[in-house]
Amino acid sequence: MSSDSAAMHSAVLAIVAEPLDEALIHAQRVHKLRVDISPLLDTLKQHMQKHRHAAAAFSELETWATTPRLGLQSALSNSIHSLILWCLAESSGSAGASSPPNYTHRLLRSAVTLLGAKATLKVLIDEVLAQIDNGNGNDQDVDIVLDIVVTMIVAPNPTSSSGRLSLRDVLRADFED
């Protein structure tokens, strides 16, 4: 199994390990004679402690906050920039076997929480404009850039349910003004 496949396999197992474990335990109780369930439960145990969290770890926040120039804003901008350049290279076929940039949605969520949705939206829009100004202004490239940024804006984000404005809320308010 390739390293990419192994990473994907591990991520999927981390997501489904608990509910699958519960279902297999139930199946084992109902079908007492089945001997093939115990090895599956044993395999799942190594993935049970891998909980995925929506919030960033302190070490991640510290790394982002110490990014040169504007800290968290620069980290977000750099991350989006890398993601856009990788997607543009992939779409043109020039990337070859390059691996995707290290992007985590926790960075965007942290920016919305710490900087506010308005400042975070400004970073996203500034990155779109920078890409267009840097010569990625043909229709296909603009479509890719917009796909990435719009996906980030409309991605589910629990901060809007906590009374804070989401990126969508700020964009809607700016559009209505």
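## Close-up views of a predicted helical model

**View 1. Arginine 69 in its loop.** Arginine 69 counts as exposed because its relative accessibility is 76% (exposed means over 50% relative accessible area, buried under 20%, and partly exposed in between, with a 1.4 Å probe and protein chains only). The residue is found in the loop between H3 and H4; helices (H or I, at least four residues) and strands (E, at least two) are DSSP runs, numbered from the N terminus. Phi of arginine 69 is near 80°, a positive value in a residue other than glycine. Most residues other than glycine have a negative phi.

This is a predicted model, in which local features need pLDDT of at least 70 and side-chain atom pairs count only at pLDDT 80 or more, while totals for chains, interfaces and linings use all residues. Residues are numbered from 1 along each chain as its sequence is written, and side-chain values use heavy atoms, with hydrogens and water left out.

**View 2. The largest nonpolar core.** A nonpolar core is a set of buried Ala, Val, Leu, Ile, Met, Phe, Trp, Tyr and Cys residues joined through side-chain atoms within 4.5 Å. The largest one has 27 residues, and those touching the most other members are Leu76, Ile80, Leu124, Ile148, Met152 and Leu167. Two or more residues each come from helix H4 (72-92), helix H5 (105-115), helix H6 (117-133), helix H7 (139-154) and helix H8 (167-176). H4 gives the largest share, 8 residues. Another core, of 7 residues, lies apart from this one and includes Ile37, Leu41, Leu44 and Met48.

**View 3. Leucine 167 and its contacts.** Contact means heavy atoms within 4.5 Å. With neighbours within four places in sequence left aside, leucine 167 is in contact with Leu108, Val112, Ala117, Thr120, Leu121, Leu124, Met152 and Ile153.

**View 4. Helix H4.** H4 has 21 residues, and its first and last C-alpha atoms are 30 Å apart, close to the 30 Å expected at 1.5 Å a residue; the expected span is 1.5 Å times one less than the number of residues. Among its buried residues are Leu72, Leu76, Ile80, Leu83 and Cys87. The buried residues of H4 pack against H3, H5, H6 and H7. Glycine 93, with a positive phi near 80°, follows H4.

View 5. Buried in H6 are Ala117, Thr120, Leu121, Val123, Leu124, Glu127, Val128 and Gln131. These residues lie on the same side of H6 because they cover an arc of only 155° around the axis, the arc being that of the directions from the helix axis to the C-beta atoms. The face turned away from the buried side carries the exposed residues Lys118, Lys122 and Asp133. Just after H6, glycine 135 takes a positive phi of about 95°.

**View 6. H5 against H6.** The buried residues of H5 are Leu107, Leu108, Arg109, Ser110, Ala111 and Val112. Leu108, Ala111, Val112 and Leu115 in H5 meet Ala117, Ala119, Thr120 and Leu124 in H6. The two helices pack at an angle of about 135°, with their axes 6 Å apart. Axes are lines fitted to C-alpha atoms, for helices over the stretch in contact, and angles run from 0 to 180 degrees between N-to-C directions. H5 and H6 are therefore oblique to each other: angles under 35 degrees count as roughly parallel, over 145 as roughly antiparallel, 65 to 115 as roughly perpendicular and the rest as oblique. Glycine 116, whose phi is positive, near 100°, follows H5.
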